[in-house]
Amino acid sequence: MNNGYGYLILITAFFTAVSQIMLNVSAEKTYDKKLREYLNPWVIGSYAILALVLIANVWIMQFVQLKVAHVIAASTYIFVLVLSRVFLKEPLSWKKVLGNALIIAGIAVFIL
């Protein structure tokens with residue numbers, strides 16, 4: 001991450017995780033109409049964030065090596081684990097922690 005664009009990929013990974021949490025929040029709610037399951041602020045907001053992340057990633061990819069970008073983007077899994085624990089109160093299992101530790105180790109080995 002010798003330039004600032006690597007940090008932008010990290011930010012887009014965070015917002016990808018936020019959008020996934022938003023979809024999970026929407027899925028846990030019950031709706032009176034089937035159409036409201038898909039047309040509610042959580043789902044619409046989530047897909048809007050994903051669209052912005054997609055546009056940002058396409059722009060960022062012209063400044064960063066593709067192999068580096070995908071390694072940094074793997075941090076999405078770490079953000080999902082943390083955000084789901086904080087906001088959804090999901091329990092942490094040793095498999096989740098071990099998997100994320102391996103992701104962190106892989107990112108560190110590749111980046112450093």
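Of the 112 residues in the protein, 29% are buried, meaning under 20% relative accessible area with a 1.4 Å probe and protein chains only. This is a predicted model, where local features need pLDDT of at least 70 and side-chain atom pairs count only at pLDDT 80 or more, while totals for chains, interfaces and linings use all residues. Residues are numbered from 1 along each chain as its sequence is written, and side-chain values use heavy atoms, with hydrogens and water left out.

Q: How many helices and strands are there in the protein?
A: Six helices and zero strands, counting DSSP runs of H or I with at least four residues as helices and of E with at least two as strands. From the N terminus on, the order is α-α-α-α-α-α.

Q: Why is α1 called roughly antiparallel to α3?
A: Helix α1 (residues 5–28) packs against helix α3 (residues 41–60) at about 160 degrees, with the axes 9 Å apart. Angles run from 0 to 180 degrees between N-to-C directions, and anything over 145 counts as roughly antiparallel. So α1 and α3 get that label.

Q: Which residues of α1 and α3 make the contact?
A: Contact means heavy atoms within 4.5 Å. The list includes Leu8, Phe15 and Met22 of α1, and Trp42, Leu50 and Trp59 of α3. The residues of this contact split into 17 nonpolar, seven polar and no charged; Gly counts as polar here, and Asp, Glu, Lys and Arg as charged.

Q: What makes the largest nonpolar core a core?
A: A core is a set of buried Ala, Val, Leu, Ile, Met, Phe, Trp, Tyr and Cys residues joined through side-chain atoms within 4.5 Å. The largest has six: Ile9, Ile60, Val64, Val68, Ala69 and Ile72. Helix α4 (residues 66–73) gives the most to this core, with three residues. Another core, of five residues, lies apart from it, with Ala17, Ile21, Val25 and Leu83 among them.

Q: What is valine 64 in contact with, leaving aside its neighbours within four places in sequence?
A: Valine 64 touches Asn3, Tyr5, Gly6, Ile9 and Ala69.

Q: How do you know whether lysine 89 is buried or exposed?
A: The exposed label needs over 50% relative accessible area. Lysine 89 has 61%, so it is exposed. Lysine 89 is in the loop between α5 (76–87) and α6 (94–111).

Q: What is the phi of lysine 89?
A: Lysine 89 has a positive phi of about 60 degrees, although it is not a glycine. Most residues other than glycine have a negative phi.

Methods: Parallel < 35°, antiparallel > 145°, perpendicular 65-115°, else oblique.
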